[in-house]
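Please look through the structure below before reading on.

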2 protein chains.
Amino acid sequence: MPRWDAQAEERLRTAAIELFLQLGYENVTVAQIAERSGLTRRTFSRYFADKRDVLFADSDRLPDLLAEAVSRADPALTPFEALVTALADAGAMLGPQVAPLAVQRREIIARSPELQERGRTKFAAVARALSEELTRRGSEPATAALLADVGVAVFRTGFNRWVDDPDGSDLAACLREAGAELADAVAQH
Amino acid sequence: MPRWDAQAEERLRTAAIELFLQLGYENVTVAQIAERSGLTRRTFSRYFADKRDVLFADSDRLPDLLAEAVSRADPALTPFEALVTALADAGAMLGPQVAPLAVQRREIIARSPELQERGRTKFAAVARALSEELTRRGSEPATAALLADVGVAVFRTGFNRWVDDPDGSDLAACLREAGAELADAVAQH
């Protein structure tokens with residue numbers, strides 16, 4: 001078994017992204033990705049479970065990443081503060097990993113109903129994970145579920161703004177800003 | 001063309017719900033629904049586009065219903081207040097229509113990944129409609145998108161609590177409560 005080769009992974013990913021943008025995600029095969037990258041299908045399988053995995057490997061870790069960040073949050077924080085802190089924490093880890101492809105990735109997903117559905121399923125899993133962790137932290141389950149859905153809304157907003165302006169603030173700052181903006185919008189009378 | 005027959009519609013709906021619960025949504029055919037209700041497939045087609053329509057006819061109207069409620073909200077209200085008022089307004093109309101089947105409907109959806117996906121697609125459409133209307137009302141598009149997602153979270157929470165306790169408050173009150181609870185959770189320091 002050859003050892004992990006970051007260059008091969010990168011070549012496969014780049015080839016896949018180019019093809020997804022050119023032909024549309026649904027029309028691309030793993031064989032085409034391998035061919036374009038000058039590698040074999042077998043090599044592809046060593047790095048990715050399937051073509052979907054090229055786009056979602058990082059975000060598949062999101063539920064665990066966010067739940068762990070909630071569990072690490074200062075117990076003195078209110079549930080909402082803990083939630084926003086956890087989003088920013090996870091964002092600080094995730095941002096540098098997903099930054100290079102964030103713009104193309106969003107473009108590919110926007111053109112594919114199948115991937116949009118995958119995205120919604122993923123965010124439902126994120127909400128479940130957040131809700132369980134907020135409950136463990138002491139929130140009523142019903143309040144935890146509400147805040148978890150709100151956390152997903154804050155995450156999506158902050159993430160999109162970050163992708164809109166890749167040279168602007170980092171992901172953690174965009175998530176914190178989105179949380180503060182929601183707090184303002186809800187408080188203002 | 002025979003005139004609309006509320007009794008026929010009701011018989012078809014009751015038969016469909018019973019079969020969905022007994023056999024699982026995916027396994028039920030329109031022919032079975034017609035047979036159980038003692039009516040024909042042709043009659044079924046007069047009232048419902050397909051078997052999905054038995055469960056979603058009311059909620060398919062939700063995006064328009066909520067957008068219209070936002071557009072009617074007092075211009076003096078903050079965007080979040082307008083949003084919660086609109087949810088309660090729409091809930092007051094929707095509640096009595098969906099109440100008779102709300103518990104069974106939730107049970108059927110919970111057992112079907114296909115229907116859960118339909119539900120998520122529906123809520124994405126609700127969020128888009130709310131976001132457009134909040135923007136028309138004067139919010140920044142980015143803030144409107146965030147508040148729209150939050151509105152969906154409030155709606156789902158309030159709706160679920162109402163279904164949990166059908167003899168308790170009405171849907172409009174449950175939605176208002178969920179909005180107030182979110183405001184509390186966000187404000188508390």
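## Two packed helices in chain B

In chain B, H9(B) and H10(B) pack at an angle of about 130°, with 8 Å between their axes. The axes are lines fitted to C-alpha atoms, for helices over the stretch in contact, and the angles run from 0 to 180 degrees between N-to-C directions. This angle makes H9(B) oblique to H10(B); angles under 35 degrees count as roughly parallel, over 145 as roughly antiparallel, 65 to 115 as roughly perpendicular and the rest as oblique. The crossing of the two helices H9(B) and H10(B) is right-handed, where a crossing is called right-handed if the near helix is turned clockwise from the far one by less than a right angle, and left-handed if anticlockwise.

Several residues of H9(B), including B:Val154, B:Phe155 and B:Trp162, meet residues of H10(B), among them B:Leu171, B:Leu175 and B:Leu182. Two residues are in contact if their C-beta atoms, placed from the backbone, lie within 7 Å. By class, the contact of H9(B) with H10(B) has nine nonpolar, three polar and two charged residues; Ala, Val, Leu, Ile, Met, Phe, Trp, Tyr, Cys and Pro count as nonpolar, Asp, Glu, Lys and Arg as charged, and the others, Gly among them, as polar.

## About the model

This is a predicted model, in which local features need pLDDT of at least 70 and side-chain atom pairs count only at pLDDT 80 or more, while totals for chains, interfaces and linings use all residues. Residues are numbered from 1 along each chain as its sequence is written, and chains are lettered from A and ligands numbered from 1 in the order in which they are written.

## A second pair in chain B

H9(B) also packs with H6(B), here at an angle of about 35° and with the axes 10 Å apart, and H6(B) passes H9(B) in a right-handed crossing. On the side of H6(B) the contact is made by B:Pro79, B:Phe80, B:Leu83, B:Val84 and B:Leu87, and on the side of H9(B) by B:Leu147, B:Gly151, B:Val154 and B:Phe155. Eight of these residues are nonpolar, one is polar and none is charged.

## The fold and domains of chain A

Chain A holds ten helices and zero strands, where helices (H or I, at least four residues) and strands (E, at least two) are DSSP runs, numbered from the N terminus. The C-alpha atoms of chain A fill a box of roughly 55 × 35 × 25 Å, taken along the principal axes.

Chain A is divided into domain 1 (6-54) and domain 2 (58-187), with bounds that come from an automatic or database domain assignment. The C-alpha centres of these two domains of chain A lie 28 Å apart, and seven residues of domain 1 are in contact with nine residues of domain 2. Helix H1 (residues 6-23) of chain A gives the largest share of the domain 1 side, three residues, and that side has four nonpolar, one polar and two charged residues.

## Where the two chains meet

The contact between the chains takes 26 residues from chain B and 26 residues from chain A. On the side of chain B, helices H6 (79-98), H8 (113-136), H9 (141-164) and H10 (171-187) each give two or more residues, and H9(B) gives the most, with eleven residues. This side of chain B divides into 15 nonpolar, five polar and six charged residues.

Across the two chains, H10(A) and H10(B) pack at an angle of about 125°, with their axes 9 Å apart, which makes H10(A) oblique to H10(B). The crossing of H10(A) and H10(B) is left-handed. Here A:Leu182, A:Ala183, A:Val186 and A:Ala187 meet B:Leu182, B:Ala183, B:Val186 and B:Ala187, and this contact has eight nonpolar, no polar and no charged residues.

## How the copies are related

Chain B can be laid on chain A with an RMSD of 0.0 Å, by a turn of 180° and a shift of 0.0 Å along the axis, and the two copies are thus related as by a two-fold rotation axis. For this comparison the copies are superposed by least squares on the C-alpha atoms of residues with pLDDT of at least 70 in both. Among the residues of chain B, B:Val150 comes closest to the rotation axis, at 2.7 Å (C-alpha). The same surface serves both copies, as 100% of the contact residues of chain B recur in chain A.
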